[in-house]
Amino acid sequence: MEIDHEEFAELSGVYRTIAREIGRDGAIALHRLYHGQQILFPQKLYTREYILKEVNERGKEKSLGEIAHQYGYTERRIRQLIQQHLKDTNKDKEIVYNE
């Protein structure tokens, strides 16, 4: 697919890039909500609770390494999240995963 470099030419800088990814309406909505502000997006998209839920639900069919890779974590970090969860809830091993 050929990129049309004139597409969204009326938009400046980062808004042109955003419009190419999510469309003109999305870029305008972001501008309306956040114009003039600097926004830093966290590297991790998903919450700790969601990751632990995924480990618990998919841990029998996928390895921790596969789950970690899918969500942009290291296997070590997933293990840390599990251990912290177990410590916080004072439970033995309630999360089941495939080693």
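**Notes on salt bridges, a pocket and a surface patch**

1. Glu 57 is partly exposed, with a relative accessible area of 44%. Please keep in mind that this is a predicted model. The side chain of Glu 57 meets that of Lys 53 in a salt bridge, at 3.8 Å from N to O. Lys 53 is partly exposed as well, at 38% relative accessible area. Both residues belong to helix 3 (residues 48-58), and because they are four residues apart there, about one helical turn separates them.

2. For the model, the count of salt bridges comes to six.

3. Glu 75 counts as partly exposed at 34% relative accessibility, and Arg 79 is partly exposed at 30%.

4. The bridge between Glu 10 and Arg 24 is worth a look too, with 2.4 Å from N to O. Glu 10 is in the segment before helix 1 and Arg 24 is in helix 2, so this pair ties together parts that lie 14 residues apart in sequence. Is Glu 10 buried or exposed? With a relative accessible area of 53%, Glu 10 is exposed, while Arg 24 is partly exposed at 35%.

5. Now to the largest pocket, which has a volume of about 170 Å³. Its lining is made up of Val 14, Tyr 15, Ile 18, Leu 30, Tyr 34, His 35, Gly 36, Gln 37, Ile 39 and Phe 41. Helix 1 (13-22) and helix 2 are the elements that give two or more residues to this lining. Helix 1 gives the most, with three residues. Which classes of residue line the pocket? Seven are nonpolar, three are polar and none is charged.

6. Finally, have a look at the nonpolar patch on the surface, formed by Ile 22, Leu 30, Leu 33, Tyr 34, Ile 39 and Phe 41, with about 610 Å² of accessible area together. Helix 2 (residues 24-34) provides the largest share of the patch, three residues. Leu 30, placed in helix 2, is partly exposed with a relative accessible area of 30%. Leu 30 belongs to this patch and is also one of the residues lining the largest pocket.

Note on methods: Residues are numbered from 1 along each chain as its sequence is written. This is a predicted model: local features need pLDDT of at least 70, side-chain atom pairs count only at pLDDT 80 or more; totals for chains, interfaces and linings use all residues. Side-chain values use heavy atoms; hydrogens and water are left out. Patches are made of residues with over 30% relative accessible area and no salt bridge: like charges are joined within 9 Å, nonpolar side chains (Val, Leu, Ile, Met, Phe, Trp, Tyr) within 5 Å. Accessible areas come from the Shrake-Rupley method with a 1.4 Å probe; for residues, only the protein chains shown count as cover. A salt bridge is a side-chain nitrogen of Lys or Arg within 4 Å of a carboxyl oxygen of Asp or Glu. Buried means under 20% relative accessible area, exposed over 50%, partly exposed in between (1.4 Å probe, protein chains only). On a 1 Å grid over the protein atoms alone, a cavity is a set of points where a 1.4 Å probe fits but cannot get out, and a pocket is an open set with protein on both sides within 12 Å along at least five of seven lines; lining residues have an atom within 4 Å of a point. Grid points are joined across faces, edges and corners, and a volume is the space filled by probe spheres set on the points. Ala, Val, Leu, Ile, Met, Phe, Trp, Tyr, Cys and Pro count as nonpolar, Asp, Glu, Lys and Arg as charged, and the others, Gly among them, as polar.
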